[in-house]
Amino acid sequence: MRILVIEDEKRMAAFIQRGLKEQHYAVDVANSGDEGLFLAETNTYDLIVLDIMLPGVDGFAVCRKLRQSGNNVPILMLTARDDVRDRIFGLDSGADDYLTKPFAFGEFLARVRVLLRRRQHENTTLLKVADLELDQIHRTVSRAGKPIELTPTEYALLEYLMLHAGRIVTRTMISEHVWNQDFDSFSNVINVYINYLRKKVDADFPVKLIHSIRGVGYIIKAEAQ
Ligand code: CA
């Protein structure tokens with residue numbers, strides 16, 4: 001899942017970025033409304049965290065411009081004070097949810113998960129493919145009840161595949177949703193990580209779940225299906 005954080009206060013932006021990365025999200029940061037709009041129009045995000053008080057184009061305007069251009073990415077607004085008018089104006093600008101600063105990071109993450117789930121049209125936080133299970137709350141993975149240890153990138157890649165279980169995921173989709181801006185799409189890093197996942201998820205089991213679709217991408221499904 002790839003998230004854009006639009007926040008001009010550098011320390012706050014770094015704090016949010018670090019916390020989200022720890023949860024295995026791919027994160028880009030914009031320090032102004034203009035930069036945020038540019039990134040949101042250039043890349044494909046699963047969620048935008050948007051501060052209201054920004055120099056130049058403020059958060060309300062960013063939100064309205066995105067909606068006017070047809071971008072329906074979930075937006076979580078951050079308001080500096082608990083002002084009901086700000087919240088109403090924010091929601092009316094097209095934000096999906098808001099949070100007042102300072103906030104408890106646990107609540108922030110819970111709201112992020114809610115908005116991402118809504119996007120997936122899923123109400124479950126436990127993804128399953130055959131006997132492979134991924135718990136999106138605790139960020140744990142197991143197969144046939146046996147825990148599997150994954151690095152943050154391996155987890156993010158497996159989560160993305162499992163969210164699209166039974167459907168082909170292209171290399172472009174993976175590069176857009178699992179990695180942040182620093183990703184070099186011409187490298188073979190996706191293959192490398194797919195191989196890491198195969199070793200951990202499939203190697204010890206007769207039924208293989210991760211399949212390559214030559215020249216296109218990958219699909220996760222039980223072979224028998
Ligand atoms: Ca600000």
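**Helix 3 and beyond**

Tutor: Just after helix 3, Gly70 adopts a positive phi of about 90°; helices here are DSSP runs of H or I with at least four residues, strands are runs of E with at least two, and both are numbered from the N terminus. This is a predicted model, in which local features need pLDDT of at least 70, side-chain atom pairs count only at pLDDT 80 or more, and totals for chains, interfaces and linings use all residues. Residues are numbered from 1 along each chain as its sequence is written, and side-chain values use heavy atoms, with hydrogens and water left out.

Student: What caps the N-terminal end of helix 3?

Tutor: Asp58 does, with a side-chain oxygen 3.2 Å from the backbone nitrogen of Phe60.

Student: And which residues of helix 3 are buried?

Tutor: In helix 3 (residues 59-68), Gly59, Phe60, Ala61, Val62, Cys63 and Leu66 are buried, meaning under 20% relative accessible area, where over 50% is exposed and anything in between is partly exposed (1.4 Å probe, protein chains only). These buried residues pack against strand 1 (2-6), strand 3 (47-51) and strand 4 (75-79), as well as helix 2 (33-42) and helix 4 (84-92).

Student: Switching topic, what does the domain assignment give?

Tutor: Domain 1 (2-119) and domain 2 (126-220), with bounds that come from an automatic or database domain assignment. Their centres, taken over C-alpha atoms, are separated by 27 Å, and 13 residues of domain 1 are in contact (heavy atoms within 4.5 Å) with 13 residues of domain 2.

Student: How much area do domain 1 and domain 2 bury between them?

Tutor: About 1200 Å², of which 47% is on carbon and sulfur atoms; buried area is the accessible area (1.4 Å probe) that two parts lose on being put together, summed over both. On the side of domain 1 that touches domain 2, strand 2 (residues 26-30) gives the most, with three residues.

How values were computed. Polar contact = N/O pair within 3.5 Å; in protein donor to acceptor, adjacent residues only side chain to side chain.
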